[in-house]
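Open the model in your viewer and keep the selection panel at hand. The tour moves from a helix pair to a sheet, then to a single loop residue.

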Amino acid sequence: MINVQKIKNVGILGLVGLLLIVLFFSGTFKTQDGLPLHTIYRGNSIEPVSLDPHLSGSLNEANIQRDIFEGLTTKGPNGNIIPGVAKRWEVSEDQMKWTFFLRKDAKWSNGEPVVASNFVEGLKRAIDPKTGASFSFLLKPILNAEKILKGEEKDLSRLGVRAINDYVLEIELESPVYHLLNLLAHHTAYPFPYKVYEEHKSKWTNPHYIVCNGPYKLTEWIPQSHIKLTKNDEYWDKKSVRTPNIVYYPTEDSHSELKRFIAGEIHTTETIPQDQIEWIEQNMKSNLRTSPYAGIVFYAFNMTIEPFKSNLKLRQALALAIDRDLISSKIAKLGAKPAYSWIPKGMGTYKSQDVFFASMSQTEREEKAKALFTEAGFSLENPLKVEILLGSSHFEKNLAIAISGMWKKTLNIETALRDEDWKLYVASRAEKKFQIIHLNGSADFPIPSAFLEIFLSDHNAGGYVNVEFDHLVHTGISEATLDEQNKLFAEAETTLLNDIPVIPLYYPTKKHLVNINIQGWVDNFIDVHPSKYLFIVGK
């Protein structure tokens, strides 16, 4: 007799896993052939909410935007910064003024030239508080940007950007910024086709109206089905674009994405199902691509409500009771590392700071957790009840179940799980309708401040406020020497870890399945794989 409950619990492994094995041995495994050479099909996780460079906020949206737009700088196949619309730049001796010289052959997909004023309008729109740009804080190093964001300066023309002429752009800074060229490759700093926006307003990213300046242009968007891009013949470097069409498939369920890959419907996946790792390693090793990643998986407390707002010992107890070594080795897998600091290792010359319990054994941590839990005003006999907000991901749920078990075992906490589809999850996160939330942090560029800025007081997801932390981060960003900058960032990270508004869980590796006939895919620390560099080689 089949144990239905057991199948429900192992679900995907027991049913989909068997299906995959059947597909593999029935001859329908098509990852090496059966796909046209003129189109690359890419899995891309969730359905985009917006492709407006200023309003979007997720990695899957950035994947598409990177193909259809291009900034002053852009990212090469290995994630390195290379010239984009700007063919070269000059920096003043004090590093406070940057002058960018634009390519005269850079054009929008409607044939109009990309000019310096497009970048000026784009940066002004990004920094305008009325826009509500998701990543406007990245532009704070620009002269007067922070004052405009705070409403202290109402005149957008005071922003430190100006078009000297159509092909020369000047950016003036508040203080030297080592990573400015990285910032300018981010979608928040893309040029903006203001005339098109004025004509169509919020509909300007509709395929019928949008103009693009990247290697591809958006030609079709069928919600929950696919997004099609075609080669932009007006792109200045079109000779380097070898694949005429790119099709992105939103697939929230990683198991469905895996089935599509095996069936030959897509060439690349955005991720792989955690519960299929062993099977994939055994049967699809030539397609599996894993690499270290500038990211962190963590839980954040809602610091605007009790019992978390004013109870540090409770937050410490919850953090201590989690066995990160078990999570990274048995749940996350494929090289994931336990997180005992906030900033991942490998950020240039910066040395990550560890949380106070990093050197303890797990047994010692659990004993300390029990003591702190009692000091926090709770007891094993009178258990705390908490709720974790999750996205609609099998893995997030499995991880939460494991953590709930750890909290139950050590602290007798009752944990409820609330999983929501992506749009509802984003809304709940923005409105802080949660107690504890699952989050993934990542950096578009591998520098310490990219992670620290996530928890500045004016925009972090958990409502964490610490003026000292903010000051350390802002001062560190503006420091003239790298050594002093690293020192300030270390103090900021230590402050964050001592306050524990977040529970770092593990540093993930990025995991993809890539058709062996796809060329140009380069594994890299920031997991950037522009379609411009991808092409298919026939058998």
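Contact here means heavy atoms within 4.5 Å. Keep in mind that this is a predicted model.

**Stop one: a helix pair**

Select residues 324–332, helix α10, and residues 394–411, helix α12. Their axes lie 11 Å apart, and the packing angle is about 145°. The crossing of α10 past α12 is right-handed. Now show side chains. On the α10 side, pick Leu326, Ile327, Ile331 and Ala332. They meet Phe395, Leu399, Ala402, Ile403 and Met406 of α12. What kinds of residue make up the contact of α10 with α12: nonpolar, polar or charged? Nine are nonpolar, with no polar and no charged residues.

**Stop two: the sheet**

Switch to cartoon view. Follow four strands in the order β1-β10-β9-β8. They form an open sheet with mixed pairing. From one strand to the next, the twist averages 20°. Which strands stand at the edges? Select β1 (39–43) and β8 (216–222). Each has a single partner strand, so one side of each is left without a neighbour in the sheet.

Next, select β9 (residues 226–231) and β10 (residues 245–249). These two run antiparallel and are joined by four bridges. Zoom in on Thr230: opposite stands Asn245 in β10.

**Stop three: a loop residue**

Go to Asn144, in the loop between α3 (116–127) and α4 (145–150). Is Asn144 buried or exposed? Asn144 counts as buried, because its relative accessibility is 7% and the cut-off is under 20%.

Notes:
Residues are numbered from 1 along each chain as its sequence is written. This is a predicted model: local features need pLDDT of at least 70, side-chain atom pairs count only at pLDDT 80 or more; totals for chains, interfaces and linings use all residues. Side-chain values use heavy atoms; hydrogens and water are left out. Two strands pair if DSSP finds at least two bridges between them. Axes are lines fitted to C-alpha atoms, for helices over the stretch in contact, and angles run from 0 to 180 degrees between N-to-C directions. Buried means under 20% relative accessible area, exposed over 50%, partly exposed in between (1.4 Å probe, protein chains only). A crossing is left-handed if the near helix is turned anticlockwise from the far one by less than a right angle, and right-handed if clockwise. Ala, Val, Leu, Ile, Met, Phe, Trp, Tyr, Cys and Pro count as nonpolar, Asp, Glu, Lys and Arg as charged, and the others, Gly among them, as polar.
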